[in-house]
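Trainee: I have a new structure to read. Please take me through its features one by one.

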Number of protein chains: 2
Amino acid sequence: MKALLCYQDGQFKDYNDLSIPVADLGVQRGYGIFDFLRTTEQHAHFLDDHLDRFFASADAMHLPVSKSRNEIIDIVQTLLKENQLPFSGIKLLLTGGDASDGYTIQKPRLSIFQLPLIPPPLVLPEKGIHLVSRAYQRQLPGVKTTDYLMAIWLQPWLKEQGGDDLLYYNQETVTECPRSNIFMIDHDNVLVTPKENMLWGITRKKIIEIVDSIGLKIEQRNIPLEELYKAKEVFISSSTKRIMPVQRIDHSYTFSTASNNITRLLWDAFLNLEK
Amino acid sequence: MKALLCYQDGQFKDYNDLSIPVADLGVQRGYGIFDFLRTTEQHAHFLDDHLDRFFASADAMHLPVSKSRNEIIDIVQTLLKENQLPFSGIKLLLTGGDASDGYTIQKPRLSIFQLPLIPPPLVLPEKGIHLVSRAYQRQLPGVKTTDYLMAIWLQPWLKEQGGDDLLYYNQETVTECPRSNIFMIDHDNVLVTPKENMLWGITRKKIIEIVDSIGLKIEQRNIPLEELYKAKEVFISSSTKRIMPVQRIDHSYTFSTASNNITRLLWDAFLNLEK
């Protein structure tokens, strides 16, 4: 791979040399947080929002960050300038740091790296995806931890079911997909999205901010799985996908992407935000 | 630190050079398993049992192991011989491996390393520890994953409570401590330990195997937290501690270590196993 500049613990280095010692709690105890944002040319999309969430995650996990917000912005700008990637993803990774006793947070390790990323398409995908529901509640759901144990573990099962992605629910209430938030349009054309037990996605936040501008009402509330099955339109949102229509959830095929008019309106409004 | 030999992915190297790339699912998604065993001079305690559990954990997590059981035994023997540590811990760590898509298991990474360890005392500690109970269920509890997110996260809270360790319970039923199994002696002098939703500790297994030899009865069953509060003796077990008496759980101080006669019998019988 082309040498890409990255940052770790006060030093810039080649990405191929970027690794985490086994003594780091991020490796030995799965203790770490991250944030991930998309870039286009020299622009890091929604950097401020991602930094807000990164520092909130670090704080929630008792992990002091060795660099200030402005210092991190400078590092991100340096990577953008040096690596000159047309489209990329930048990850801010904060692991628990080396712990000689294997347990105690001493000095968290900050790693920031940029990798090429195929950008999402410029038009809303015609074909929606197939979600398979599964009862599961992420621990510390509001924090962007590195804990994707269940998501990875369930991949063979998801494949058996023929699904494209998982949809978690907690006591019959829909929460999120492993790496995306979920939205539905009900039969009164109201946009509805879960309000708890999930990650506060940046794309989710932006969608909520633009509904007014397209005359849409939004409700943040619990969504029973049974209600989602009967929704008019369903989509998921994430930084890498923007908005992705859903055409099937379990055995329910009620979502015709051809009629996803409101999803399309949201897509267009969202694209404008990125400009 | 003195250079210690370790193993990773087909190569022996210096422990100071042992690290995991950020692309490894063990780092980026907290996806990995391990096992940890204690050694005395050239002897690895209960190596067979630890290997059984290691391969079972790997299998449960869909992680193929690149080395056979006998090859791993050879690596362990090489470390024992080369490092010449009087007392140590050996960790077998299997991380998900590098995933270019950040999600898919391709080739898990096997790391085996040995570090000095202060051995547990040769007599049963006089002073028992203080456990603080907390409702929490580990995901995939029977698998020795690297997921200790909640245990590390709760350390500041545990300190506030003045406790030495956490005791997890699930719906009022005691399960385990983050790194130990729990046992109680009831007022009929029966040894009781949880039977589900916890890790199958090797020390726990050995204790269960020796009860017959000291004329003790054992029950593996659910233990309500309220019942544990009233037990005659309570202790926890782990590879690093062997057996550690518990003298307080939450606000219940019913355990006098001075009268921990059955715990002492078990300790003595267990010490004999290590010889």
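This is a predicted model: local features need pLDDT of at least 70, side-chain atom pairs count only at pLDDT 80 or more; totals for chains, interfaces and linings use all residues.

Mentor: Start with how the copies relate. Chain B can be laid on chain A by a turn of 180° and a shift of 0.0 Å along the axis, with an RMSD of 0.0 Å.

Residues are numbered from 1 along each chain as its sequence is written, with chains lettered from A and ligands numbered from 1 in the order written.

Trainee: How many residues of chain B are in contact with chain A?

Mentor: Contact means C-beta atoms, placed from the backbone, within 7 Å. Here 31 residues of chain B touch 31 residues of chain A. 100% of the interface residues of chain B are also interface residues in chain A, so the copies meet through the same surface.

Trainee: In which sense do β3 of chain A and β3(B) pair?

Mentor: Strands are DSSP runs of E, at least two residues, and helices are runs of H or I, at least four, numbered from the N terminus. Strands pair if DSSP finds at least two bridges between them. Strand β3 (residues 19-21) of chain A pairs with β3(B) in the antiparallel sense, over 3 bridges. One bridge joins S19(A) to P21(B).

How values were computed
Two residues are in contact if their C-beta atoms, placed from the backbone, lie within 7 Å. Copies are superposed by least squares on the C-alpha atoms of residues with pLDDT of at least 70 in both.
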